[in-house]
Structures are given as structure tokens and as C-alpha cells.
Amino acid sequence: MRTWRFPGALGVVLAIAALTAAATGAAQPLPLLPGLNDKPTGLSIPGKFVWADLFAEDVDTAKRFYSGLLGWSWRTFGGGADEYHVAYANGRPVAGLVYRKPKVPEDARAVWIMYASAANPAGVESAVAKSGGATMVSPVTAPYRGIHAIFSDRDGALFGVLRSSTGDPADYRAEDGEWVWTHLFTRNPRAAAVFYSQLLEFEVIDYTVSEIPDDVVLASAGHARAGVGAMGADAPDDVRSAWVGFLRVADVDSSANRAEALGGQVMVRAELDTVDGQVAILTDGAGAVFGLMSLDFEGAMAPREEAE
């Protein structure tokens with residue numbers, strides 16, 4: 001297997017991500033949200049990515065795309081301007097979908113926001129401000145969901161934090177259609193890793209098997225939570241850093257082909273170097289960037305039914 005590399009096309013992907021970052025602006029606070037767990041878990045795992053929201057103008061088209069690609073089903077909470085749509089994979093909630101009206105037509109691209117568990121979202125907001133980042137949605141409390149907020153770091157990468165009212169989900173092996181990895185592409189991986197380790201209690205681990213200098217892994221509670229890597233010297237100067245969430249699929253090639261048939265675009269395909277699998281980075285029909293990943297991590301985590 002060759003090393004997981006994201007060559008020239010990555011600059012295009014992150015250029016799109018930069019456009020979505022600019023388009024998000026001061027995103028609207030989310031409506032009343034369901035909790036992450038039906039039964040409180042009592043778990044707090046700072047740094048674990050526990051949720052994802054898609055902000056899009058065309059909600060119905062987004063539903064059709066991800067249902068066709070991943071088999072997601074949907075449930076709508078609230079009504080009118082306060083509608084919040086929850087996606088389910090394998091009978092379990094995996095993501096939210098929120099209507100976002102663009103300020104101008106050219107800002108109509110959709111955007112995924114990945115949320116990490118944080119014990120003190122207000123403290124994260126203060127630290128982000130001190131580092132030169134910005135608050136997109138100030139910490140707000142939703143009775144069932146908890147306290148959540150959305151930020152942009154000083155390099156323009158959008159991310160969210162959440163203190164769940166029902167605790168964090170236990171660690172388990174992601175099944176097909178569920179989030180399996182999160183990766184930050186940035187110009188200075190080491191500096192970014194230090195920033196996020198201070199922000200979200202990550203341990204920074206050198207990714208020693210990579211051929212790419214400065215690649216690191218962010219870990220907490222004994223598990224890898226995210227990767228941080230260089231976006232590449234060929235990325236245009238105006239490209240911002242970006243967090244990309246990856247969804248597990250059985251076969252990346254067939255899923256990527258299906259995404260194209262549904263109106264998406266495949267930007268990058270690559271092989272993983274440490275496990276048996278592949279990855280791809282795509283945009284959906286509205287321009288939101290996300291990834292697909294197939295891998296075999298037998299033994300790395302317990303199946304969900306054992307973890308719960």
C-alpha cells in the first residue's frame with residue numbers, strides 16, 4: 001500500500017471548502033435539537049467527534065443525495081423555520097440537516113460542521129478568540145442536545161463543539177453509513193495540533209508511518225480521534241484550512257461512482273497506508289465537502305452493541 005497522499009486535486013477540494021467557510025458567515029443558531037442518546041450515558045470524552053451538521057439551502061435535495069448514497073433515513077423535528085432534520089443509519093442518529101439561507105446567491109454552497117465534545121464551550125470560545133479565530137455561533141443551550149457552538153480557527157477551519165446533555169456516545173466500531181474519521185488539512189500541522197490539543201484536551205501523537213512530514217494524530221481516552229496533515233505545497237495561497245469528516249462505506253469506488261450519479265463530484269481518491277482500505281474526498285450536489293473511507297479496524301474498538 002502506498003502512503004495516504006492527497007495530491008494536486010486536494011487544493012481544489014480545499015478551495016471549495018474555503019468558499020463554504022466564507023459562505024457560512026454568522027450562521028443562524030440551530031432550532032430545538034434532540035439529544036445524542038436516548039438514555040444518558042454519563043460519559044464525557046473531550047475531543048471525541050460526536051456529531052455533524054449539514055447546513056444547506058436545498059434541504060430536500062440534500063436528503064435525496066445522502067439517502068441515495070448511504071441509505072440514510074430522516075426524521076424531522078420542529079416545524080417551519082425551526083425544522084431540524086436528523087439522519088439515521090442502521091437505525092441510529094448520525095447527522096443533522098439545517099436550512100441555511102445564503103446572504104447572496106454566490107454563497108449558496110452547503111457546508112458540513114463536525115462537532116467535538118467539550119466540557120466548557122464558553123472556555124473554548126475564549127481560547128479561540130485569543131488565538132485569532134472567530135465565533136460563528138456563540139455557545140447556546142438546547143434543552144435536550146446540550147450546549148453547542150461553532151467556530152473558525154485562525155486559519156479559517158470551521159469546527160463545532162458540544163457539551164451533550166445526555167453524555168457522549170460510547171466508543172464503538174463505526175458501521176457503514178456512520179462517521180469513522182475526521183481530518184484537518186492545514187498549512188502548519190504542528191501549530192494546529194498544539195492549538196487543538198490545548199483547546200480540547202488532545203494528546204498529539206506523531207504519525208510515524210506517514211511519508212508526509214508533520215502529519216500527527218489527535219488522541220483522547222486511548223483512541224485516535226482525528227488526523228492533522230499538510231494540505232500540500234501546491235494548494236493556492238487563498239485556500240483555507242478545513243476539517244473533513246469521513247463516512248464508512250464497504251467499497252469506496254462503487255460509493256464514489258454512486259455519488260457522481262447522484263450529482264456529487266469526486267475530487268480525490270487514495271489508498272490508506274496503515275490499514276486495508278481506501279479513501280475519497282467528494283463534494284455533494286450543493287458543494288459540501290466530505291469523505292468516504294473503507295477500512296478494516298478489527299480489534300481497534302468494540303462493536304457498538306458491546307460498547308453500549
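**Close-up views of strands, a helix and a pocket**

**View 1. The hairpin of E3 and E4.** Strands E3 and E4 form a hairpin in which two residues lie between them, and Asn90 in the turn has a positive phi of about 60 degrees. Strands (E, at least two residues) and helices (H or I, at least four) are DSSP runs numbered from the N terminus. The model is predicted: local features need pLDDT of at least 70 and side-chain atom pairs count only at pLDDT 80 or more, while totals for chains, interfaces and linings use all residues. Residues are numbered from 1 along each chain as its sequence is written, and side-chain values use heavy atoms, with hydrogens and water left out. E3 and E4 run antiparallel and are joined by five bridges; two strands pair if DSSP finds at least two bridges between them. Ala89 faces Arg92 of E4 across this pairing.

**View 2. Strand E4 beside E1.** Strand E4 comprises residues 92–99. It also pairs with strand E1 (residues 49–56), here in the parallel sense and over four bridges. Opposite Asp53 stands Gly96 of E4. Six of the eight residues of E4 are buried, and the strand is thus mostly covered; buried means under 20% relative accessible area with a 1.4 Å probe and protein chains only, exposed over 50%, and partly exposed in between.

**View 3. Strand E7 and its partner E6.** Strand E7 (residues 146–152) is largely enclosed by the rest of the structure, because six of its seven residues are buried. Strand E6 (residues 134–142) runs antiparallel to E7, and six bridges join the two. The bridge partner of Ala142 is Gly146 in E7. E6 and E7 form a hairpin with three residues between them.

**View 4. The hairpin of E7 and E8.** Strand E8 spans residues 158–164 and runs antiparallel to E7, the two being joined by seven bridges. Ala149 has Val161 of E8 opposite to it. Five residues lie between the strands of this hairpin, where Gly156 takes a positive phi near 95 degrees.

**View 5. Helix H2 and its buried side.** Helix H2 has 12 residues (59–70); at 1.5 Å a residue, it should span 16 Å, and this agrees with its end C-alpha atoms, which are 16 Å apart. The expected span is 1.5 Å times one less than the number of residues. In H2, the buried residues include Val59, Ala62, Lys63, Phe65, Tyr66, Leu69 and Leu70. These residues lie on the same side of H2, because they cover an arc of only 165 degrees around the axis, taken from the directions between the helix axis and the C-beta atoms. Gly71 follows H2 and has a positive phi, near 75 degrees.

**View 6. The second largest pocket.** The lining of the second largest pocket consists of Pro34, Gly35, Leu36, Asn37, Asp38, Trp51, Arg75, Phe77, Val86, Tyr88, Pro93 and Arg145. A pocket is an open set of points on a 1 Å grid over the protein atoms alone, where a 1.4 Å probe fits, with protein on both sides within 12 Å along at least five of seven lines; lining residues have an atom within 4 Å of a point. Strand E2 (73–77) and strand E3 (84–89) are the elements that give two or more residues to this lining.
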